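Colleague: I have a chain on the screen and would like to go through it. Can you take my questions as they come?

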Amino acid sequence: MQDLHQLNVLSAVAQHRSFAAAARELQMSPSALSHAVAALEQRLGVRLFNRTTRSVSLSEAGERFLARIRPALREIASAAEELDEQRDKPAGTLRINASETAARLVLWPMVRELRRRFPEVSVELASEDRMVDIVADGFDCGVRTLDAVPRDMIAVPCSGKVRFAVAGSKGYFKHRAMPGAPVELAAHDCIRRRLSSGGFYRWEFEKAGREVAVEVKGSLVLGSDELAVRAAREGLGLAYVSEWQVEKELASGALVRVLEDWTPPYPGLCIYYPSRRHLPAALRAFLEIAKLMR
């Protein structure tokens, strides 16, 4: 950057034919500007200016050199202006990684509002339940529950508290007793979810400070919460999903909730990203919208 500074000094002095006028334009002291020119001449090994007590003009070598570098200086200045615009005005592509549930039930209204306010911003929303390294995979931010956010990330809440629900249809409970404690799930068909590691997700419960994780049994393994809710609605087993997933079914009576006293609320979803420095304008705008819509 020091080299670029010296080249800009050269251009300004050549344009004004005056060290004092160039110094005023660049907001430098005349002595600092003179030192920059001298340092450039010493590094290049040629005299760039002819100086008298009353005038300054480019030498022949200075004219040839400036003619060659002037287009590059204009390109650099133009690129810097574009960066300024991107820094201040949301534009470009915002890449977000989120769980399927978060993307569908929480993020979508925020993404829609971002596109409405800033049509210059393109959004790429990848919904997957496995955790990814958002930096290595090229995402601007991720969205997960607070307990899943890596510790070296900055987390901004974007939803209220979350509760899980265990639910089954009335038809399912015609032939089975409703469980009163997690241990009683052993007598039930539970709709399971396989993790990316190959194992099965253990259903997590808590009551009066006591935490329990149950490795449930069941003949149906599904890859999405939406399918699990549908299967539970059709009497194929018990689903373990977030309240958001089954609000309508519980309200209409299509599903019946059990073990509610074993599923306390916990901190909700967060938008997380690696650094507070030089945030892209599109990400800053998205965070503001998330704060307003939370």
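Modeller: Start with the overall dimensions. The radius of gyration of the chain is 31 Å, whereas a compact globule of 294 residues would have one near 19 Å. That radius is taken over C-alpha atoms, and the globule rule is 2.2 Å times the number of residues to the power 0.38. This is a predicted model, in which local features need pLDDT of at least 70, side-chain atom pairs count only at pLDDT 80 or more, and totals for chains, interfaces and linings use all residues. Residues are numbered from 1 along each chain as its sequence is written, and side-chain values use heavy atoms, with hydrogens and water left out.

Colleague: What box do the C-alpha atoms fill?

Modeller: Along the principal axes, roughly 105 × 35 × 30 Å.

Colleague: How many helices and strands?

Modeller: The chain has nine helices and 12 strands. Both are DSSP runs numbered from the N terminus: helices are H or I with at least four residues, strands are E with at least two.

Colleague: How much of the chain counts as buried?

Modeller: 40% of the 294 residues. Buried means under 20% relative accessible area, exposed means over 50%, and partly exposed is in between, with a 1.4 Å probe and protein chains only. The accessible surface of the chain is about 17,100 Å², and carbon and sulfur atoms account for 50% of that. Such areas come from the Shrake-Rupley method with a 1.4 Å probe, and for residues only the protein chains shown count as cover.

Colleague: And what share of the contacts join residues at least 24 apart?

Modeller: 71%, taken among contacts between residues at least 6 apart in sequence. A contact means heavy atoms within 4.5 Å.

Colleague: Pick a helix. Which residues of α7 are buried?

Modeller: Helix α7 covers residues 225-233, and its buried residues are D225, A228, V229, A231 and A232. Viewed down the axis of α7, they fall within an arc of 165°, so they line one face of the helix. The arc is that of the directions from the helix axis to the C-beta atoms.

Colleague: Which residues have a positive phi without being a glycine?

Modeller: R17 is one, with a positive phi of about 55°. R17 sits in the loop between α1 (2-16) and α2 (19-26), and is exposed at 56% relative accessibility. A208 also has a positive phi of about 55° and is not a glycine. A208 is in the loop between β8 (203-207) and β9 (210-214), and is exposed as well, with a relative accessible area of 87%.

Colleague: Changing topic. How many aromatic pairs does the structure hold?

Modeller: Seven. Rings of Phe, Tyr and Trp (its six-membered ring) pair if their centres lie within 6.5 Å; planes under 30 degrees apart count as stacked, over 60 as edge-to-face, and the rest as tilted. One of the pairs is F164 with Y240: the centres are 4.8 Å apart and the planes are at 0°, so this pair is stacked. F164 is in strand β7 and Y240 in strand β10, so the pair ties together parts that are 76 residues apart in sequence. Y240 is buried at 8% relative accessibility.

Colleague: What about F164 and Y266?

Modeller: That pair is stacked too, at 6.0 Å centre to centre with 15° between the planes. Y266 is in the loop between β11 (256-258) and β12 (269-273), while F164 is in strand β7, so this pair ties together parts 102 residues apart in sequence. Y266 is partly exposed, with a relative accessible area of 22%. Ring pairs link F164, Y201, W203, F205, Y240 and Y266 into a cluster.
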